[in-house]
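Colleague: I am new to this structure and would like a close look at one part of it, the packing of its helices. Could you take me through that slowly, and then show me what lies around it?

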Amino acid sequence: MPERADVRRRLWVTLAAFGALTLATCVVAPLVGSTPIHLSRVFDRSVPFADNVDAQIFFVARLPRVLAAALVGAALASAGAVFQALLRNPLASADTLGVSGGAALGAIAAITFHASFTVFGIPSVPLASLTGSVGALVVVYALAAARRRGMAATGLLLAGIALNAFFSAFVLFVQNLASFADTFRTVRWLMGSLDIGSYAPILGALPLLAVSGVAMASLPRTLDLMSLGGDAAAARGVDVRRTERVALLSASLATGAAVSLGGPVSFIGIVVPHLVRLIVGADHRVVLPASALFGAMFLVGCDILARTVFSPIELPVGIVTALIGAPFFLWLLVRRM
Amino acid sequence: MTRPVHRWAAAAAALVATGVLAGGSAAAPAPDAAPRRIVCFIPAVTQMLFAIGAGPQVVAVGAYDHDPPAVNALPRVGGLLDPDTERILAMRPDLVIVYDGQSALEERLARAGVPMFKYRHGDLANVTATMRTLGRAVGRAAEADALASGLERRLAAIAARVAGRPRPLTLLVLGREPNSLQNIYASGGYGFLHDMLVIAGARDMLDDVKRESVQVSTEMVLARRPDAIVELQYGDGASLSTGDDLSPWRALSSVPAVKAGRLYRLVGDEFVEAGPRLGDATEKLSRLLQPEAWR
């Protein structure tokens, strides 16, 4: 009981600290950019929205990308934490099981073959990306369901590597069919971009992110027991098969939705969970929400740098995440050793 | 120990003898020394060759060559990214036009003793300079000079026509994701597209960004408030009815171009291929941006 109270205390302290930092970053982010804007003008109702440049920069350009960054960062980091626990492998990340590969294939195919349509205002490329990730998810789920008594982590990991290789080869195949200009477009997409310019892609990804978030919320305690091994967890009353499926589906859904929104953003899914563990310990009841909050804060922060450091030119945010995150992670690692 | 030195010396002598030509450095060959079996990868240069009457000397072209129609009868030897060296050598070329930077191909061709003409992308002055150098390299100096001078005169006439008129601040978009404002990239403040825009009578929205192409954010478009936005549609996509329209720009309703409905799309490869059709392309651009000057 004292241990439980301690975990609860740590959870609240972590949530409060990480939540406050994340909130502060998300509040500051729309105020920062390559163009100075004034809040008084942003909310000046005497100027029609169609004529209010400050309001349009705030609400059309910055707010959607800050929200997208927060959602993508939270989704990739929490999915990474779940995959690392599920597969009992510290090198697992949000894209280990090939879901982001499927998402990339969908997007690259849509760009190359000029798919041009909208569904409820959601453009074709994020929709195709989402479809690709769901396709990959079906394959992963079929692999997971193929075994009656849960799946071996190693087997699933190998299946993920094979799927990733398959999708990567398919991406290259489609790129090989593309014209020179389309190849350039696909390369740009693969660099990731959070400048989504409207709220429609967020609304498209939100239901999947909500479902995966609710599913992940049921996982932390069982993931702790699963980290001891499947048999040990089963002996303590964990429904191993169900836990694995919920973990697999929720983390894959989160990854697919995140990639469809911002493209493949490297680094966050693998390193943020480790970074968080170095700060708050290994208990998944704390690690999972802390990873989501830290991932959101980290990506929003990196996006601020991406759009301001070389202003007016922007850097792809995936470059910034790795350039900033890797040295920070190494510093933290060395300090703790 | 002397063998490698000899090999390098022989390679250097071969380069000198075979004449690796790079824009502006070619000497006029004797008429009988003019290449008769040219392989060209670069659509803009292929068009130049045909325009100066060197079409019959071209024996193979690249995967992206479509103009003039005569090229469709010629064998293809790969593209810029994936040149088929074996097929190129099988054509027994006496001149291969390569893009400067295709180092692996250049190395192989040099080893095989095949002369090369290196093409470099640049601004409009580079285009006419390339025409003249190319003409000398293929024994068509007079025709090339006439072509380059004709293009220069036409561009000067367009510039004169729009001179003194107010210049709309213009964003020249090279691509974006369909039905969305994500991943917009545009012509920057350097290169032949930038020069064309200025000659056509516009101010380039990205004049200060001295790059050929720039990733543009929605914030940048909102902040810089272009008077006109021109999208170029080219490549395979130009022939497709994609259903994508210009409506995503309407989300940026405070931008003068959106307010005034000055959102345009120009379709055709001539806008992105720095060849003899640049005069036509610049005039089309000018008619769009300076309609009063063409009445």
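Modeller: In this predicted model, helix H4 (99-112) of chain A and helix H7 (residues 180-190) of chain A have axes that come within 9 Å and cross at roughly 150°. Here an axis is a line fitted to C-alpha atoms, for helices over the stretch in contact, and angles between N-to-C directions run from 0 to 180 degrees; helices (H or I, at least four residues) and strands (E, at least two) are DSSP runs numbered from the N terminus. H4(A) and H7(A) are therefore roughly antiparallel to each other, in a scheme where angles under 35 degrees count as roughly parallel, over 145 as roughly antiparallel, 65 to 115 as roughly perpendicular and the rest as oblique. On the H4(A) side the contact (heavy atoms within 4.5 Å) is made by A:Ala103, A:Ala104, A:Ala107, A:Ile108, A:Ile111 and A:Thr112, and on the H7(A) side by A:Asp182, A:Arg185, A:Thr186, A:Trp189 and A:Leu190. These residues divide into 7 nonpolar, 2 polar and 2 charged, where Ala, Val, Leu, Ile, Met, Phe, Trp, Tyr, Cys and Pro count as nonpolar, Asp, Glu, Lys and Arg as charged, and the others, Gly among them, as polar.

H4(A) also packs against H11(A), at an angle of about 30° and with the axes 9 Å apart. That angle makes H4(A) roughly parallel to H11(A), and the crossing of these two helices is right-handed. A:Val99, A:Ser100 and A:Ala103 of H4(A) meet A:Ser252, A:Thr255, A:Gly256 and A:Val259 of H11(A), and the residues of this contact comprise 3 nonpolar, 4 polar and no charged.

Helix H11 (residues 240-262) of chain A in turn comes within 8 Å, axis to axis, of helix H3 (residues 53-86) of chain A, and the two cross at roughly 150°. That makes H3(A) roughly antiparallel to H11(A), in a left-handed crossing. Among the residues that make the contact are A:Leu71, A:Val72 and A:Phe83 of H3(A), together with A:Leu248, A:Ala251 and A:Thr255 of H11(A); the whole set divides into 15 nonpolar, 3 polar and 1 charged. In the loop between H3 and H4 of chain A lies A:Arg88, whose phi is near 50°, a positive value in a residue other than glycine.

As for conventions, residues are numbered from 1 along each chain as its sequence is written, and chains are lettered from A and ligands numbered from 1 in the order in which they are written. Because the model is predicted, local features need pLDDT of at least 70 and side-chain atom pairs count only at pLDDT 80 or more, while totals for chains, interfaces and linings use all residues, and side-chain values use heavy atoms, with hydrogens and water left out.

Definitions and conventions
Left-handed = near helix turned anticlockwise from the far one by under 90°.
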